[in-house]
Amino acid sequence: MAKGILYIISAPSGAGKTSLVSTLLDTVSDVEVSVSHTTRAKRPGEVDGVNYHFITEADFEKMVEEGMFLEHAKVFDHFYGTSRQHIQEQLLKGKDVILEIDWQGARQIRQLMTDCKSIYILPPSVDALQERLQGRGQDNKEMIKRRMRDAASEMSHYGEFDYIVINDEFEQAKRDLSAIFVSNRLLKDYQQEKHAELLSALLST
């Protein structure tokens with residue numbers, strides 16, 4: 001069995017990352033999204049253990065001290081972390097794993113797991129980003145202003161990523177994202193590991 005591939009997917013708030021990843025899971029098999037731990041409060045409709053593992057700051061700090069996170073960061077006054085054990089277990093099962101994290105977390109992951117792949121999702125324009133943030137109905141005006149202020153700084157790190165997907169027309173962006181996952185499974189090293197027995201049999205004839 002070929003080991004799964006770890007993917008980092010980052011984007012500024014409102015770029016459509018969550019929607020794209022959701023549709024990807026419906027079209028590409030053996031892919032799962034890692035459920036992060038966070039200290040922020042649940043939003044309406046979110047489910048503990050599905051969207052995030054919601055924990056207290058005290059519990060979060062304890063997990064940091066015990067080395068249970070592959071990466072962790074503070075974003076918008078709240079802490080987020082990725083379980084080290086869960087990621088490793090899923091990759092060994094042959095599943096591709098997606099980490100939806102910011103550029104700070106992406107830096108930490110790349111240092112620890114140099115064979116991971118990273119994708120940055122960008123909006124087609126600043127105006128489109130603001131319209132999407134307003135259309136979500138999740139944030140008040142002050143938070144939207146803050147997210148817009150931070151977006152330029154966040155997007156300046158796109159050059160640290162392997163792939164760029166521009167989410168202008170959603171269906172095209174969905175195809176672009178799926179193509180990244182499919183193409184990496186066709187690379188020689190991946191195919192050699194996945195089809196070792198077949199290749200051995202073909203060469204022994």
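Strand 5 (residues 69-75) pairs with strand 6 in the antiparallel sense, over 6 bridges. This pairing belongs to a predicted model, in which the protein chain has an average pLDDT of 92. A parallel open sheet of 5 strands is also present, and helix 7 packs on that sheet.

**Confidence**
- In the protein chain, 100% of the residues score at least 70 in pLDDT.
- Confidence is lowest in helix 5 (residues 126-136), where the mean is 86.
- Confidence is highest in strand 9 (residues 163-166), at 98.

**Antiparallel pairs**
- H37 stands opposite G81 in strand 6.

- The open sheet has 5 strands in the order 2-7-1-8-9, and their pairing is parallel.
- Strand 2 (31-33) and strand 9 are at the edges with a single partner strand each, so one side of each has no neighbour in the sheet.
- On average, neighbouring strands of this sheet are turned by 25° against each other, direction ignored.
- Strand 1 (residues 6-10) and strand 8 (residues 117-122) run parallel and are joined by 4 bridges.
- S10 stands opposite Y120 in strand 8.

**Helices on the strands**
- Helix 4 (residues 103-112) lies across strand 1, strand 7 (96-100) and strand 8.
- The direction of helix 4 is at about 160° to strand 1.
- Helix 7 touches strand 1, strand 2, strand 7, strand 8 and strand 9 as it packs on the sheet.
- The direction of helix 7 makes about 155° with that of strand 9.

**Helix 7 itself**
- Helix 7 (residues 170-185) consists of 16 residues.
- From its first C-alpha to its last, helix 7 reaches 23 Å, close to the 22 Å expected at 1.5 Å a residue.
- A173, L177, S178, I180, F181, N184 and R185 are the buried residues of helix 7.
- Seen down the axis of helix 7, these buried residues fall within an arc of 140°, so they line one face of the helix.

Key:
Residues numbered from 1 in each chain as written. Predicted model: local features only at pLDDT ≥ 70, side-chain atom pairs only at ≥ 80, totals over all residues. Heavy atoms only, no water. pLDDT = per-residue confidence, 0-100. Helix = DSSP H or I, 4+ residues; strand = E, 2+ residues; numbered from the N terminus. Expected span 1.5 Å × (residues − 1). Buried < 20%, exposed > 50% of the residue type's maximum accessible area, 1.4 Å probe, protein only. Arc of directions from axis to C-beta. Pairing = 2+ DSSP bridges. Axes fitted to C-alpha atoms, helices over the stretch in contact; angles between N-to-C directions. Contact = heavy atoms within 4.5 Å.
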